[in-house]
Amino acid sequence: MPISIDLKTERFIRTTQIEHRVVFSLMHVRRLEKDGLFPKRMSLSGRAVGWSLMDILQWMQDKLDERPAGWNLARTIIHQGDRFVSAKEACSMVGLSKHQIDRLESQGAFPRRAQIGGKRVAWLEREVQNWIDEVKIRSIIHFDELLAS
């Protein structure tokens, strides 16, 4: 489903922003572009290239929409500041191993990963952060209940 961005906010993003937002190396982005699996870069000037932010966000939205239903039954809508995080980064954020994340995800207790290319998977950083916030809230409520009893 197409995303909508105010054309006044449409902009180009450069190489380092692409690598940060989609967790691909520039070399891998080139391969995906060549295979028609990633938005094409545009020449901005002599040697400078960039990607349309709207095209990148649409690509990310498409990857999220391909996920099976799971942790969050509502459709996630990409926001302009969203980015994907790798398995390594997700593990670092939540303090769990990849195996523990896999188990929680299979139980529907952790955000669903997105298949972003070949065997590569990523999580939407905002969903992982929301999961962390929910764990904190549940812990506070549980602690308060223990104190009350």
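User: Helices (H or I, at least four residues) and strands (E, at least two) are DSSP runs, numbered from the N terminus. With that in mind, how many helices and strands are there in the chain?

Analyst: Welcome! This is a predicted model in which local features need pLDDT of at least 70 and side-chain atom pairs count only at pLDDT 80 or more, while totals for chains, interfaces and linings use all residues. Residues are numbered from 1 along each chain as its sequence is written, and side-chain values use heavy atoms, with hydrogens and water left out. From the N terminus on, the elements run β-α-α-β-β-α-β-α-α-β-β-α, and the count is 6 helices and 6 strands.

User: What is the order of the open sheet of 3 strands?

Analyst: Two strands pair if DSSP finds at least two bridges between them. The edge strands, strand 1 (12-13) and strand 2 (42-43), each pair on one side only. Strand 2 is joined by 2 bridges to strand 3 (residues 49-52), and these two run antiparallel. With antiparallel pairing, the order of the sheet is 1-3-2.

User: What angle does the direction of helix 3 make with that of strand 3?

Analyst: Helix 3 (residues 53-65) packs on the sheet, with contacts (heavy atoms within 4.5 Å) to strand 1, strand 2 and strand 3. Axes are lines fitted to C-alpha atoms, for helices over the stretch in contact, and angles run from 0 to 180 degrees between N-to-C directions. On that basis, the angle is about 55°.

User: Is Arg83 buried or exposed?

Analyst: Arg83 lies in the loop between helix 3 and strand 4 (84-85). Among the residues that Arg83 touches, not counting those up to four places away in sequence, are His20, Met60, Glu89 and Trp123. Because its relative accessible area is 9%, Arg83 is buried.

User: Which side chain makes a polar contact of 2.2 Å with the side chain of Arg83?

Analyst: A polar contact is a pair of N or O atoms within 3.5 Å; within protein, one must be able to donate a hydrogen and the other to accept it, and residues adjacent in sequence count only if both atoms are side-chain atoms. The backbone oxygen of His20 lies 2.8 Å from a polar atom of the Arg83 side chain. At 2.2 Å, the side-chain partner of Arg83 is Glu89.

User: How far apart in space are Thr76 and Glu127, C-alpha to C-alpha?

Analyst: Thr76 sits in the loop between helix 3 and strand 4, and counts as buried because its relative accessibility is 8%. A polar contact of 2.5 Å joins the side chains of Thr76 and Glu127. The two residues are 51 apart in sequence, and their C-alpha distance is 8.8 Å.

User: Is Arg67 buried or exposed?

Analyst: The loop between helix 3 and strand 4 also holds Arg67. Leaving aside neighbours within four places in sequence, the contacts of Arg67 are Thr76, Arg112, Arg113, Ala114 and Glu127. Its relative accessibility is 16%, so Arg67 counts as buried.

User: What is the phi of Val23?

Analyst: Val23 is found in the loop between helix 1 and helix 2, and is buried because its relative accessible area is 18%. Most residues other than glycine have a negative phi. Val23 takes a positive value, near 55°.

Key:
Buried means under 20% relative accessible area, exposed over 50%, partly exposed in between (1.4 Å probe, protein chains only).
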